[in-house]
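Reader: Please show me the chain and its fold. I would like to go through them point by point.

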Amino acid sequence: MSAKPLNVLFLCTHNSARSILAEATLNHIGGGRFQGFSAGSSPRENQQPNPIGLRTLRNAGISVDGLRSKSWDEFALPDAPHMDLIITVCDNAAGEVCPFWPGKPATAHWGYADPSAGDGSDEQKADAFKNTLHAIHRRLELLVNLPEEKLDAMVLQRTAKELAAA
């Protein structure tokens, strides 16, 4: 195992649901090999993570401490953590022009339906978040269980894109 964890940034437009779920899940299951972060291309002013998403994480036994919606501009600053892998989790963010990421990190798109979209009942919305968390967790389990040689910088780009099909 390398001494330094692999930094993964999850991007979504508003950084309130899918990217937050992914950040918290990776930090929960990453075993010190991974550090998850999340951000959005245009988080709304005073936007916080979706309360149903936070409840879903808590119900799954995943910490929500420190989670907040933030702009991806924070991660393009000189003192920001270096990212090894950047994953867009919504189609809008995948199609946007991203900031320059120092070090040319690997990138991939892992699309998930927006669990906060729609006018369903509270129970339907909770189920949508639970289903999205399950899908994210399943793919992140594959990532965290990859052998070290699959996480080498030269191989990571291909590996991340292959996991999109998982």
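**Cysteines, sheet and burial**

Reader: How many disulfides does a search of the whole structure find?
Author: A disulfide here is a pair of cysteine sulfur atoms within 2.5 Å. The whole structure was searched on that basis, and the number of disulfides found is zero.

Reader: What kind of model is this, and how are residues numbered?
Author: Residues are numbered from 1 along each chain as its sequence is written, and side-chain values use heavy atoms, with hydrogens and water left out. Local features need pLDDT of at least 70, side-chain atom pairs count only at pLDDT 80 or more, totals for chains, interfaces and linings use all residues, and the model is predicted.

Reader: Is C12 buried or exposed?
Author: Buried means under 20% relative accessible area, exposed over 50%, and partly exposed in between (1.4 Å probe, protein chains only). C12 has 5% relative accessibility, so C12 counts as buried.

Reader: And C90, buried or exposed?
Author: The same cut-offs apply. C90 has 2% relative accessibility, so C90 counts as buried.

Reader: What pattern does the protein follow along the sequence?
Author: Helices (H or I, at least four residues) and strands (E, at least two) are DSSP runs, numbered from the N terminus. The protein has five helices and four strands. Read along the sequence, they give β-α-β-α-β-α-β-α-α.

Reader: What is the strand order in the sheet?
Author: Two strands pair if DSSP finds at least two bridges between them. The sheet is open, has four strands and pairs them in parallel; its order is β2-β1-β3-β4.

Reader: Which strands stand at the edges?
Author: Each edge strand has a single partner strand, so one side of each is left without a neighbour in the sheet. The two are β2 (34-40) and β4 (106-109).

Reader: Which residue in β2 is the bridge partner of F10?
Author: β1 and β2 pair in the parallel sense over seven bridges. On the other pairing, β1 (residues 6-12) meets β3 (residues 85-88) over four bridges, and there L9 stands opposite I86. In β2, the partner of F10 is S38.

Reader: Which residues of β1 are buried on each side?
Author: β1 is mostly covered, with seven of its seven residues buried. Both faces are covered. One side holds L6, V8, F10 and C12; the other holds N7, L9 and L11.

Reader: At what angle to β2 does α1 run?
Author: Axes are lines fitted to C-alpha atoms, for helices over the stretch in contact (heavy atoms within 4.5 Å). Angles run from 0 to 180 degrees between N-to-C directions. Helix α1 (residues 18-29) lies across β1 and β2, and its angle to β2 is about 170°.

Reader: What is the phi of N15?
Author: N15 is found in the loop between β1 and α1. N15 is buried, with a relative accessible area of 1%. Although N15 is not a glycine, its phi is positive, at about 50°.

Reader: How far apart in space are T88 and L57?
Author: T88 is found in strand β3 and counts as buried at 8% relative accessibility. T88 and L57 are 31 residues apart in sequence. C-alpha to C-alpha, they are 20 Å apart.

Reader: What share of the 166 residues is buried?
Author: The C-alpha atoms fill a box of roughly 45 × 30 × 30 Å, taken along the principal axes. Buried residues make up 48%.
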